[in-house]
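Please read it with the model open.

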Amino acid sequence: MLHKRSRILWVFATMFLVVCLLIKCTGGHNKTSEQTGASAFAGAEKCEGCHKEIYKDHLQTGHYLSSTLPEDAFFAGNFKPGMNAIAYDPITSLRMEKTDSGYFQTAYLYNQPKKAERIDFIIGSGKKGQSYLGWADANLVQLPATWFTPAHQWTNSPGYPADKIIFNRPITARCLECHSTKFDEVKSTRPNMDAFSHEGIILGISCEKCHGPAAKHTAFHEENPSEKKAKFIINPKNLSRQQSLDLCALCHGGRLNKTKPSFGFQPGDVLFDYFREANPGTPAENIDVHGNQLGLLKASKCFSMSTMTCLSCHDAHQKENDDVKLYSAKCLACHGDTHQKQCKLLASEGEMIRQNCIDCHMPKQASKSIAVTIHHADTLTPVMMRTHYIKMYAYATKNVLDTLKHNTSKKK
Ligand code: HEC
Ligand code: HEC
Ligand code: HEC
Ligand code: HEC
Ligand code: HEC
Ligand code: HEC
Ligand code: HEC
């Protein structure tokens with residue numbers, strides 16, 4: 001029966017991967033080691049003592065969970081027998097196994113284990129999916145199986161061949177720059193593979209990714225407990241509009257080619273001192289909903305005709321998934337009674353309009369770059385994400401109004 005199992009093929013426009021693999025580092029660092037070195041970081045646990053609420057909230061966010069150690073609580077992928085395998089052909093399979101010495105992805109031939117790789121890091125909160133990394137000396141590789149949440153299945157990791165199991169795809173510094181706070185690069189002995197120290201790693205997109213290294217800040221306030229004014233820490237609220245956008249665009253700004261080593265950019269810096277755009281001038285219609293929220297937002301009138309930033313709608317410390325009412329309140333901060341233009345449907349549709357601007361003006365769309373083909377299905381199973389191109393979508397309006405009518409007629 002093995003050969004009848006769903007064979008899953010990743011179709012992944014390798015938005016980031018190709019960039020990551022092709023980049024050659026140029027240029028140098030312009031930061032002293034005191035500003036960015038290991039001793040400059042305090043670690044998020046330090047912040048808890050003085051910023052308890054923010055710390056607690058942060059633990060719930062996708063940012064915190066964007067990279068973790070392989071612990072039970074963080075796994076989205078299913079390790080239960082029956083759910084824990086990918087069959088490549090009738091004799092070859094990959095199994096996800098938990099043993100006394102850790103979590104493994106193991107290649108089997110005729111039911112005999114042939115090669116086992118330990119999972120050393122989890123990448124991704126699992127809202128959409130999780131990939132898993134393993135150390136190979138100082139290099140990191142992406143393990144062959146990825147958990148794809150929309151299909152509740154293990155699939156081949158993006159870009160991996162569908163007919164054989166490979167364990168040697170290198171993880172780049174850029175991948176880690178977007179999914180963690182700090183890895184230190186070291187000289188690699190393998191060509192074309194970035195290498196990393198096993199020490200000094202800060203997982204997750206933690207406090208200091210957005211506020212800068214904070215050892216000096218924490219030391220100062222520990223020594224001066226009566227001092228109520230911070231002097232040595234960045235509050236993004238005080239950044240210019242461009243600086244604020246650049247901070248989020250480090251990871252949410254689409255495909256970038258690096259011009260300096262990874263992990264150099266710090267909050268407050270100019271993004272294009274470290275990168276250049278890989279595809280400048282791409283029309284908004286062709287920008288994928290995955291990975292480039294800034295590119296889409298920039299095409300919107302809301303953005304071009306106001307001083308909007310990501311922070312106009314997002315609280316960086318809170319998990320606010322799927323709260324359409326809360327987000328609609330953010331729209332109304334500008335489109336309320338006295339400010340910008342109001343929705344023309346307010347008069348005809350009334351109160352409902354106030355509760356959910358999002359489903360009509362920022363509908364969920366299928367990502368073209370993250371989608372899998374399940375063997376016996378005709379269509380791709382994509383990840384659905386909110387577009388940040390805010391405008392009128394006739395099909396979305398029709399869907400929302402139809403659902404509304406359907407619900408009211410059911411109530412009658
Ligand atoms: C010993 C206490 C203490 C520790 C530990 C501490 N802070 Fe603070 N922090 C303060 C005080 C006091 C202020 C100033 C009052 C305020 O804004 O809450 C502050 C303010 C801030 C601000 C706002 C700065 C501004 O200009 O508005 C940020 C951001 C911040 N801290 C981040 C951090 C981070 C990140 C950590 C952990 C790496 C951390 N803090 C650890 C005491 C501390
Ligand atoms: C270092 C890279 C990085 C930076 C900087 C960054 N993000 Fe993210 N962000 C991510 C990644 C990676 C995820 C996906 C995390 C996951 O679910 O695994 C994410 C997820 C999110 C989400 C979705 C949260 C959810 O739970 O679905 C929002 C909203 C968001 N980021 C907004 C921002 C804003 C606003 C900024 C700037 C203040 C910012 N991000 C800065 C990498 C980053
Ligand atoms: C340019 C920054 C960037 C790079 C490089 C990057 N990612 Fe991401 N990744 C993101 C952002 C941002 C999100 C979430 C928001 C989105 O999908 O737009 C995300 C989402 C994910 C998710 C889904 C998380 C979830 O459950 O929602 C996985 C898994 C993932 N990335 C793995 C990787 C791996 C593995 C690499 C490197 C081989 C990589 N990414 C490279 C920025 C990046
Ligand atoms: C994704 C980026 C991001 C991460 C991660 C992050 N912050 Fe913030 N933080 C911000 C932004 C943006 C602001 C400014 C919010 C605003 O506009 O008022 C802020 C503001 C603050 C402030 C000022 C007071 C306040 O409530 O606005 C403190 C203190 C703070 N952060 C501490 C932390 C701590 C501690 C952590 C980790 C537990 C953390 N932050 C993680 C982006 C981030
Ligand atoms: C920072 C203020 C601000 C916020 C927040 C904001 N907008 Fe806008 N929006 C504007 C401005 C300014 C315009 C341009 C108005 C004009 O044409 O005079 C606009 C235009 C629009 C348009 C017309 C677009 C077009 O192409 O004609 C729509 C639809 C819209 N906004 C919906 C929203 C929705 C939905 C939200 C919340 C998700 C939102 N806006 C949040 C400022 C904002
Ligand atoms: C006008 C309001 C608005 C602005 C400005 C805005 N967002 Fe969003 N964002 C939303 C809404 C609404 C959602 C959908 C939330 C949900 O459904 O859970 C969202 C979702 C997201 C997600 C998760 C996408 C998904 O579907 O999983 C990410 C990542 C994100 N935003 C990043 C950003 C970044 C980065 C910026 C700045 C470049 C930004 N946003 C600016 C309103 C906004
Ligand atoms: C049921 C779908 C739907 C919902 C919900 C909805 N809108 Fe609209 N909105 C539309 C349509 C359709 C138009 C275009 C109407 C026209 O031009 O005749 C529009 C127009 C607009 C405009 C442009 C007005 C102008 O004069 O150019 C803005 C701004 C806007 N909406 C904001 C919002 C905000 C803010 C919310 C939430 C409070 C919201 N909309 C909720 C469908 C919707």
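This is a predicted model: local features need pLDDT of at least 70, side-chain atom pairs count only at pLDDT 80 or more; totals for chains, interfaces and linings use all residues.

1. Overall make-up. The protein chain has 15 helices and 20 strands. It counts 412 residues, and 42% of them are buried. The chain exposes about 22600 Å². Carbon and sulfur atoms supply 56% of that area.

2. Contacts along the chain. Take the contacts between residues at least 6 apart in sequence. Of these, 60% join residues at least 24 apart.

3. The iron site. Which residues are the protein donors of the iron atom of ligand 7? They are C343, through SG, and H361, through NE2. Both donors lie 2.0 to 2.3 Å from the iron atom. The two residues are 18 apart and link distant parts of the chain. C343 sits in the loop between α11 (324-335) and α12 (346-349). H361 belongs to helix α14, residues 358-361.

4. The iron atom of ligand 7 has six donor atoms, with angles of 85 to 178° among them. The site is octahedral. The cut-off for buried is under 20%.

5. Aromatic pairs. The structure holds 13 of them. In one, the ring centres of F79 and Y103 are 5.0 Å apart. Their planes meet at 70°, so this pair is edge-to-face. F79 lies in the loop between β2 (67-68) and β3 (85-89), while Y103 lies in strand β5, residues 102-109. The two are 24 residues apart. Both F79 and Y103 are buried.

6. A further edge-to-face pair. F183 and F196 are 5.8 Å centre to centre, with 75° between the planes. F183 is in the loop between β13 (180-182) and β14 (185-186). F196 is in strand β15, residues 195-196. They are 13 residues apart. Both are buried.

7. The ring cluster. Ring pairs link F75, F79, Y103, Y132, W147 and W154 into a cluster. F79 and Y103 from point 6 are among them.

8. Charges over rings. The charged end of K260 sits over the ring of Y274, 5.0 Å from the ring centre. K391 places its charged end over the ring of Y393, at 4.6 Å from the centre.

Methods: Residues are numbered from 1 along each chain as its sequence is written. Chains are lettered from A and ligands numbered from 1 in the order in which they are written. Side-chain values use heavy atoms; hydrogens and water are left out. Donors are N, O and S atoms within 2.8 Å of the metal (3.2 Å for Na, K and Ca); water is not among the atoms, so sites may look incomplete. Four donors count as tetrahedral if all angles lie between 85 and 135 degrees; four count as square planar and six as octahedral if opposite donors are over 155 degrees apart and all others between 65 and 115; anything else is irregular. Helices (H or I, at least four residues) and strands (E, at least two) are DSSP runs, numbered from the N terminus. Buried means under 20% relative accessible area, exposed over 50%, partly exposed in between (1.4 Å probe, protein chains only). Contact means heavy atoms within 4.5 Å. Accessible areas come from the Shrake-Rupley method with a 1.4 Å probe; for residues, only the protein chains shown count as cover. Rings of Phe, Tyr and Trp (its six-membered ring) pair if their centres lie within 6.5 Å; planes under 30 degrees apart count as stacked, over 60 as edge-to-face and the rest as tilted. A charge sits over a ring if NZ of Lys or CZ of Arg is within 6 Å of the ring centre and within 35 degrees of the ring normal.
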